[in-house]
Amino acid sequence: MTEYTVEFVGTGETIEVSDKETILSKCIEEGIAQEYSCRVGMCLACSAEIVAGDVTQPAARGLTDEEAEEYALTCMARPQSDLKLDRGKYPPSIEDEAGAMESEAAAADD
Ligand code: FES
């Protein structure tokens, strides 16, 4: 097991996360206010932009392959190096999800 330093840019928060645990689980343990919802890699609520470093997140099904290079779903992502993450930054596909939901809501109102 290897421990890596995860720094949340702009917040002054830093935690140590092993390569065997998810970033979100350590945030919850440490009282870091990381948003989340589904905890299964689908909703994107726990997204953070990867400013520096690498993660492994093969079960982050809510991200495209390209998005997974730039964003971490912290409920699924495990560090593979020291990291700098920008919490609350979401991949472009979240806009598609929101747009689809708005369209469905509008259709339901008709
Ligand atoms: S909490 Fe839903 S994708 Fe992480």
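# Notebook: a predicted chain

I began with contacts, meaning heavy atoms within 4.5 Å: among those in the chain between residues at least 6 apart in sequence, 54% join residues at least 24 apart. The model is predicted, so I note that local features need pLDDT of at least 70, that side-chain atom pairs count only at pLDDT 80 or more, and that totals for chains, interfaces and linings use all residues. Residues are numbered from 1 along each chain as its sequence is written, and side-chain values use heavy atoms, with hydrogens and water left out.

**Elements.** I looked up helices (DSSP runs of H or I, at least four residues) and strands (runs of E, at least two), both numbered from the N terminus. The chain has three helices and seven strands, and from the N terminus on their order is β-β-α-β-β-α-β-β-β-α.

**Burial and cores.** I took buried as under 20% relative accessible area, exposed as over 50% and partly exposed as in between, with a 1.4 Å probe and protein chains only. Of the 110 residues in the chain, 37% are buried. A nonpolar core is a set of buried Ala, Val, Leu, Ile, Met, Phe, Trp, Tyr and Cys residues joined through side-chain atoms within 4.5 Å. The largest one has 14 residues, and Val6, Phe8, Ile15, Ile23, Val55, Leu83 and Leu85 have the most contacts inside it. At least two residues of this core come from each of strand 1 (3-8), strand 2 (13-18), helix 1 (23-30), strand 3 and strand 7 (83-87). Another core, of nine residues, lies apart from it and includes Leu44, Leu63, Leu73 and Cys75.

**Leucine 85.** I found leucine 85 in strand 7, and it counts as buried because its relative accessibility is 0%.

Serine 47 belongs to strand 3 (residues 47-52) and is buried, at 0% relative accessibility. I checked polar contacts, which are pairs of N or O atoms within 3.5 Å; within protein, one atom must be able to donate a hydrogen and the other to accept it, and residues adjacent in sequence count only if both atoms are side-chain atoms. The side chain of serine 47 reaches the backbone oxygen of lysine 89 at 2.7 Å. Glutamine 34, in the loop between helix 1 and strand 3, is buried at 6%, and its side chain reaches the backbone oxygen of cysteine 46 at 3.2 Å. Serine 47 and Arg87 are among the residues that glutamine 34 touches.

**Charges over rings.** I counted a charge as over a ring if NZ of Lys or CZ of Arg is within 6 Å of the ring centre and within 35 degrees of the ring normal. Arginine 87 lies over the face of phenylalanine 8, at 4.9 Å from the ring centre, and the charged end of arginine 39 sits over the ring of tyrosine 36, 5.3 Å from its centre.

**Cysteines.** I searched for disulfides, pairs of cysteine sulfur atoms within 2.5 Å, and the count came to zero. Cysteine 75 is buried at 8% relative accessibility, whereas cysteine 43, at 31%, is partly exposed.

Conventions:
Lists of a residue's contacts leave out its neighbours within four places in sequence.
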